[in-house]
Amino acid sequence: ARSVLALTGLRKRFGATLALDGVTLSVGPGEVLAITGPSGAGKTTLCRVVAGLETPDEGSVRYGSEPMDDVAPGRRRVAFMFESYALYPHLSVRDNALSPLRAPGGGIPRERHRAIVDETLGLLEIAHLADRLPGALSGGQKQRAALARALVQQPRALLLDEPISHLDAKLRHKLRGAIRQRLMTRESPSIWSTPDGLEALSVGDRVAVIDRGRIEQIGAPEDIWLRP
Ligand code: ADP
Ligand code: ADP
């Protein structure tokens, strides 16, 4: 999985709202692009369009030389961590994280699954919750379980939509570094959305600032100016 994820001229309207107003950007292999902007700026819509869960009115999504526009979400091999988590309620935290690895075409040998999952639960400090059902977790614990399920995969692109927003400040600060380290070892492009500008500067190889569906700035963290 070593290709550029390229978004070209994406436009998406919901009624009177232009959620995406001509978004063009690319994310290289192994790169983390952090997208930051206020609530309602279009971050989730951008992720959903890349994942194929939303059809843009205009524009296209390519992975390498391959257009993804007519590829169904389940066939894009994009890992998407949902803001709503979408954990399987009847599966333990460990089995939730194992589920994408066990799916056909997962690509990782079965005997490695358990070790990958347990190591990732450890990274996110939820190893002790591996046997719990999602219903018995706090909001922040659920968020980390959903994050684990996204991080164990070897997708063509990884989309993390506000992945640590429900953790307390201390854990957020600690884990953003650990997760970033993990993402740096991968070959696939990653998009990490956050309303927190400083989080974006700290996790992104490059940072995009989005407002009202438009990319206002994109560049290296040191070249980004955040509104005070
Ligand atoms: P963010 O993730 O940055 O908070 P969103 O992508 O969720 O932003 O939303 C962008 C804009 O599109 C907002 O104005 C939001 O209200 C609107 N929007 C998003 N999804 C829908 C939808 N399904 N129907 C109507 N409006 C929507
Ligand atoms: P750390 O992750 O090391 O604790 P911070 O999260 O406090 O650092 O800040 C991340 C980076 O963002 C720092 O390099 C800081 O200098 C820079 N920074 C802080 N405020 C702004 C701003 N308004 N515009 C651009 N960069 C900023």
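The lining of the largest pocket is made up of 23 nonpolar, nine polar and seven charged residues. This is a predicted model, and the protein in it has six helices and ten strands.

**Overall dimensions**

- A compact globule of 228 residues would have a radius of gyration near 17 Å, and the protein agrees with this because its own value is 17 Å.
- The C-alpha trace spans about 45 × 40 × 35 Å along the principal axes of the protein.

**Largest pocket**

- The space in the largest pocket comes to about 1,100 Å³.
- There are 39 lining residues, and V78, A79, P100, Q153 and P155 are the closest to the centre of the pocket.

**Second largest pocket**

- About 220 Å³ of space lies in the second largest pocket.
- It is lined by 13 residues, of which G37, P38, V209, L226 and R227 lie closest to its centre.
- Two strands, β9 (206–211) and β10 (214–219), each supply two or more residues to the lining.
- The most comes from β9, which gives three residues.
- By class, the lining of the second largest pocket holds six nonpolar, four polar and three charged residues.
- P38, among the residues closest to the centre of this pocket, is also one of the residues around ligand 1.
- L226 is likewise among the residues closest to the centre of the second largest pocket, and it belongs to the residues around ligand 2.

**Ligand 1**

- The residues around ligand 1 are F14, T17, A19, and then P38, S39, G40, A41, G42, K43, T44 and T45.
- The backbone of A41 places a polar atom 3.1 Å from an oxygen atom of ligand 1.
- For G42, a polar backbone atom is 3.0 Å from an oxygen atom of the ligand.
- K43 makes its approach through the side chain, with a polar atom 2.8 Å from an oxygen atom of ligand 1.
- On its own, ligand 1 has 560 Å² of accessible area, and the protein covers 60% of that.
- Strand β2 (17–27) and helix α1 (43–51) are the elements that give two or more residues to the shell around ligand 1.
- Helix α1 has the largest share of this shell, with three residues.
- The shell divides by class into four nonpolar, six polar and one charged residues.

**Ligand 2**

- H173, R176, L198, L201, S202, I224 and L226 are the residues around ligand 2.
- A polar atom in the side chain of H173 is 2.9 Å from an oxygen atom of ligand 2.
- The side chain of R176 has an N or O atom 2.5 Å from an oxygen atom of the ligand.
- L226 uses its backbone, where an N or O atom lies 3.3 Å from a nitrogen atom of ligand 2.
- The protein covers 42% of the 570 Å² of accessible area that ligand 2 has on its own.
- Two helices, α5 (169–184) and α6 (197–203), each give two or more residues to the shell around ligand 2.
- Helix α6 provides the largest share of the shell, three residues.
- By class, the shell around ligand 2 consists of four nonpolar, two polar and one charged residues.

Methods. Residues numbered from 1 in each chain as written. Chains lettered and ligands numbered in written order. Predicted model: local features only at pLDDT ≥ 70, side-chain atom pairs only at ≥ 80, totals over all residues. Heavy atoms only, no water. Near = heavy atom within 4 Å. Polar contact = N/O pair within 3.5 Å; in protein donor to acceptor, adjacent residues only side chain to side chain. Areas by Shrake-Rupley, 256 points an atom, 1.4 Å probe, with all protein chains shown as cover. Helix = DSSP H or I, 4+ residues; strand = E, 2+ residues; numbered from the N terminus. Nonpolar A, V, L, I, M, F, W, Y, C, P; charged D, E, K, R; others polar. 1 Å grid on protein atoms, 1.4 Å probe; cavity = no way out; pocket = protein on both sides within 12 Å on 5 of 7 lines; lining within 4 Å. Points joined across faces, edges and corners; volume = space filled by probe spheres on them. Rg over C-alpha atoms; globule rule 2.2 N^0.38 Å.
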